[in-house]
Amino acid sequence: MVKIDRVLVVGGGIGGMSAAIALAQAGYAVELVEADPEWRVLGAGLTVLGSTLRALSHLGVLEEVERQGYFARGNDIYSFKGNLLFQRPGMRMPDAPDLPSGGGILRPVLHTILSQRVKQENITVRLGLHHTHLEEKGDAVRVTFSDGSEGRYGLIIAADGVQSSVRRQLFPDAPVPTFTGQGCWRLVVDRPADIVRSSFYVGGPVTVGVVPVSQQQMYVWVLEHVPDNPWVDPTTQHEQVRELLKDFGGGVAKIRDDLNPASIIVYRPLEAVLMPSPWCLGRVLLTGDAAHATTPHLASGAGLAIEDGVVIAQELCRAETVEEALAAFMERRFDRCRLVVENSIEIGRVEMAHQPDRINEIMNVSQEAIAQPF
Ligand SMILES: Cc1cc2nc3c(=O)[nH]c(=O)nc-3n(C[C@H](O)[C@H](O)[C@H](O)COP(=O)(O)OP(=O)(O)OC[C@H]3O[C@@H](n4cnc5c(N)ncnc54)[C@H](O)[C@@H]3O)c2cc1C
């Protein structure tokens with residue numbers, strides 16, 4: 001096991017919290033800094049694939065996630081008019097065959113589960129703080145924070161999201177996040193009793209996913225082709241979504257008809273970035289969206305961010321030096337994350353080109369790969 005006095009995790013999102021928990025459980029002293037003083041979470045729901053559940057099981061929160069989310073086996077594919085086209089069996093992991101193939105959870109619920117576990121693991125959390133300077137000296141990185149305080153850490157995990165300032169500072173020539181041509185509308189609505197697993201509505205002007213996230217609620221996503229990346233007026237979002245769904249039938253028609261000014265709707269243009277290997281410089285490692293932000297087409301961005309945290313903790317326990325652990329981490333992570341980012345972008349591209357058969361093909365190959373042990 002690599003000896004490290006203290007690890008600093010930058011960013012308290014899904015990726016940062018997962019790394020912090022995994023490292024603390026491995027026996028490391030961990031400090032986490034989060035820029036948002038209120039440690040809020042943006043977004044609505046989250047699709048949680050079986051592979052993501054498997055990663056969460058390594059953090060000891062599987063039971064709580066299953067209890068507070070909504071999980072099932074398989075999913076249904078409908079035409080946008082509401083006719084059932086076919087059913088998918090869903091993902092089955094060879095190393096965790098008994099887990100559900102997937103489901104969903106509200107983002108704030110997952111955030112609470114993970115942040116409570118962070119507290120239980122005695123991780124020091126400092127909110128409303130970011131680093132202003134990082135400097136590697138010998139076997140430690142000296143960090144200056146925005147409140148003037150300083151610290152020395154044997155390893156830094158930078159999980160500061162798609163716009164990572166650590167990535168910009170340490171890798172000024174790294175690729176920058178690129179808009180992919182689509183925007184994603186996310187809604188939280190009541191779950192009718194007859195919607196018992198995730199369903200997708202294809203072949204229409206937009207693609208729609210309906211994902212139960214609890215006994216009471218569902219998360220609905222709507223993917224729109226918006227080549228010129230327009231500004232979206234937040235006061236008329238419900239009207240814009242209603243217009244996008246005007247030709248839909250089946251379960252989506254009811255969701256559309258119920259939209260009103262108080263509906264919970266979040267819009268976000270999609271962007272992606274993949275850092276070339278390695279994602280580390282000296283003793284600073286980028287994880288999660290900071291290293292590999294993907295579009296949601298394979299519903300795996302959060303899953304990968306969680307896996308990153310589990311893997312770095314495992315490799316630190318196996319290795320003798322930080323360098324060895326980081327090299328082993330990259331060996332296990334790069335191809336897997338690249339597949340998800342590249343195939344997600346490709347699914348978006350063929351969706352925009354209206355090639356539904358190709359979507360299935362890429363989806364099947366990708367899910368098969370993601371189901372494999374990480
Ligand atoms: C529209 C959309 C839908 C998605 N749907 C899914 C899905 O269904 N399933 C799925 O698995 N994935 C999904 N994803 C991907 C998933 O949301 C991300 O991959 C995941 O949230 C990444 O987590 P992260 O911790 O790396 O980054 P983030 O969640 O961005 O967290 C970064 C954290 O760092 C903090 N921070 C930033 N800068 C600093 C700093 N300098 N110092 C300290 N703190 C800092 C931020 O405040 C934030 O809390 C979706 C993404 C999008 C855009």
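I take buried to mean under 20% relative accessible area. By that cut-off F145 is buried, and Y153 is buried too. The model I am reading is a predicted one.

**Entry 1: aromatic pairs**

I searched the whole structure for aromatic pairs and found seven. I looked up F80 and F248 among them. Their ring centres lie 5.5 Å apart, with 70° between the planes, and the pair is edge-to-face. Where do the two partners sit in the chain? F80 is in the loop between strand 5 (75-79) and strand 6 (84-88). F248 is in the loop between helix 6 (237-244) and helix 7 (250-258). The two are 168 residues apart, and I note the pair as a link between distant parts of the chain. Both F80 and F248 are buried.

I then went back to F145 and Y153. Their ring centres are 6.4 Å apart and the planes stand at 85°, so I log this pair as edge-to-face. I also noted one aromatic cluster, made of W279, F329 and F334.

**Entry 2: salt bridges**

Side chains of opposite charge can pair when their charged atoms come close. How many salt bridges does the whole structure hold? My search gave 20.

I took E31 and R6 to start. They form a salt bridge, and their closest N and O atoms are 2.7 Å apart. E31 is in strand 2 (residues 30-34), while R6 is in the segment before strand 1 (7-10), so this bridge ties together parts that are 25 residues apart in sequence. Is E31 buried or exposed? E31 has 7% relative accessibility, so I count E31 as buried. R6 is partly exposed, at a relative accessible area of 32%. I also find R6 and E31 in a network of salt bridges with R126 and D147.

Next I checked K246 and E243. Their side chains meet in a salt bridge at 3.7 Å, N to O. K246 has a relative accessible area of 48% and is partly exposed. E243 is also at 48% and counts as partly exposed.

I then looked at R358 and E346. Their salt bridge has its closest N and O atoms 3.9 Å apart. R358 lies in helix 11 (residues 356-371) and E346 in helix 10, and the pair, 12 residues apart, links distant parts of the chain. R358 is partly exposed, at 33% relative accessibility.

**Entry 3: a charged patch**

E136, E320, E323 and E324 form a negative surface patch. I followed up E323. This residue belongs to helix 10 (residues 322-352). Exposed means over 50% relative accessible area. E323 is at 52%, so I list E323 as exposed.

How many of the eight residues of helix 2 (residues 50-57) are buried? I count seven, so helix 2 is largely enclosed by the rest of the structure. The buried ones are G50, S51, T52, L53, R54, A55 and L56.

Y28 sits in the loop between helix 1 (14-25) and strand 2. Its relative accessible area is 6%, so Y28 is buried.

F86 is in strand 6. F86 is partly exposed, at 33% relative accessibility.

Most residues other than glycine have a negative phi, and most peptide bonds are trans. I looked for exceptions.

The peptide bond from S277 to P278 is cis, with omega near 0°. P278 lies in the loop between strand 17 (264-274) and strand 18 (280-281).

N229 is not a glycine, yet it has a positive phi of about 45°. I place N229 in the loop between strand 16 (217-225) and helix 6. N229 is partly exposed, with 33% relative accessibility.

A299 also has a positive phi, near 50°, and it is a residue other than glycine. A299 is found in the loop between helix 8 (289-292) and helix 9 (301-318).

Methods:
Residues numbered from 1 in each chain as written. Predicted model: local features only at pLDDT ≥ 70, side-chain atom pairs only at ≥ 80, totals over all residues. Heavy atoms only, no water. Patch = residues over 30% accessible without salt bridge, like charges linked within 9 Å, V, L, I, M, F, W, Y side chains within 5 Å. Areas by Shrake-Rupley, 256 points an atom, 1.4 Å probe, with all protein chains shown as cover. Salt bridge = Lys/Arg side-chain N within 4 Å of Asp/Glu carboxyl O. Lys, Arg positive; Asp, Glu negative; His and termini not counted. Charge placed at Lys NZ, Arg CZ, Asp CG, Glu CD. Helix = DSSP H or I, 4+ residues; strand = E, 2+ residues; numbered from the N terminus. Buried < 20%, exposed > 50% of the residue type's maximum accessible area, 1.4 Å probe, protein only. Phe/Tyr/Trp six-rings, centres within 6.5 Å; stacked < 30°, edge-to-face > 60°.
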